[in-house]
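Here is a short report on aromatic residues and helix packing. Look over the sequence and the structure before reading on.

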Amino acid sequence: FVAVQNGMRSDLEPDFKGLPFVAPATYFCFGDYDVSLRASSTPRIAPVVPVGSVLDSYHQATLRPASRTDTYDVCLVSQFRSEFFADGVAIGQEHPYAEGLRALVAHMKSALEECGLTICVAGATIDDPHEKAFYQAAFGRGVPFSFRGPFSTYELMDRSQAVVGVGSTCL
């Protein structure tokens, strides 16, 4: 059988409660990073073929406009998760992921202001008001923000000169 990476970089040999692992004949993944991950951790899978994002390929082939208009200088692809921002927990005592996201956003804000650049945020959640409030607190209430919808991230990426993200399968 064939395996296709679907947004996760998890172990391909999970414990199926004593059942034998059946290795796929071919594993289609996002990129060379995933090839190097699999080389040492799952040697029984061959070949591992980097094909990029299937969703991005579909978007490029069917939905992307023929002519491109850059509306924003930078698109930030959000990796916000509410569960990493615990209520009542002091900044600096949160989950390391939350601390990292705060640091990224602070550095981006500084660079955007210094260079006079515009930004938009492609949301990770469908409708989490905490996510939108997090980015509005960082970049101002007027920051263009789009909750996740079908291909909404790719559409904002298409309208931006540069894209910044961490761990996103869009990149």
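This is a predicted model. Phe147 has a relative accessibility of 27%, so Phe147 counts as partly exposed. Phe145 has 16% relative accessibility and therefore counts as buried. The cut-off for buried is under 20%.

**Aromatic pairs**

How many aromatic pairs does the structure hold? There are 6. A pair of rings is described by the distance of the centres and the angle of the planes.

| Pair | Centre to centre | Angle between planes | Type |
|---|---|---|---|
| Phe145 and Phe147 | 4.9 Å | 85 degrees | edge-to-face |
| Phe151 and Tyr154 | 6.1 Å | 45 degrees | tilted |

Phe145 and Phe147 also belong to an aromatic cluster, together with Phe80, Phe134 and Tyr135.

Tyr154 is buried, because its relative accessible area is 6%. Its partner Phe151 sits in the loop between β6 (145–146) and α5 (152–158). Most residues other than glycine have a negative phi. Phe151 has a positive phi, near 65 degrees.

**Two packed helices**

Packed helices are described by the angle between their axes and the distance between the axes. Helix α3 covers residues 96–115, and helix α4 covers residues 129–139. Their axes lie 10 Å apart, at an angle of about 40 degrees. The crossing of α3 and α4 is right-handed.

From α3, the contact uses Leu101, Arg102, Val105, Met108, Lys109 and Leu112. From α4, Phe134, Tyr135, Ala138 and Phe139 take part. Of these contact residues, 8 are nonpolar, 2 are charged and none is polar. Two of the α4 residues in the contact, Phe134 and Tyr135, are also members of the aromatic cluster.

**Phe85**

Where is Phe85 placed? Phe85 is in the loop between β4 (72–77) and α3. Its relative accessibility is 13%, so Phe85 counts as buried. Leaving aside residues up to four places away in sequence, Phe85 touches Phe80, Glu94, Ala98, Leu101, Arg102 and Phe134. Among these, Leu101, Arg102 and Phe134 also take part in the contact of α3 with α4. Phe80 and Phe134 are members of the aromatic cluster. Phe85 and Glu99 are 14 residues apart along the chain, and their C-alpha atoms are separated by 9.0 Å.

Terms used: Residues are numbered from 1 along each chain as its sequence is written. This is a predicted model: local features need pLDDT of at least 70, side-chain atom pairs count only at pLDDT 80 or more; totals for chains, interfaces and linings use all residues. Side-chain values use heavy atoms; hydrogens and water are left out. Helices (H or I, at least four residues) and strands (E, at least two) are DSSP runs, numbered from the N terminus. Rings of Phe, Tyr and Trp (its six-membered ring) pair if their centres lie within 6.5 Å; planes under 30 degrees apart count as stacked, over 60 as edge-to-face and the rest as tilted. Buried means under 20% relative accessible area, exposed over 50%, partly exposed in between (1.4 Å probe, protein chains only). Axes are lines fitted to C-alpha atoms, for helices over the stretch in contact, and angles run from 0 to 180 degrees between N-to-C directions. A crossing is left-handed if the near helix is turned anticlockwise from the far one by less than a right angle, and right-handed if clockwise. Contact means heavy atoms within 4.5 Å. Ala, Val, Leu, Ile, Met, Phe, Trp, Tyr, Cys and Pro count as nonpolar, Asp, Glu, Lys and Arg as charged, and the others, Gly among them, as polar.
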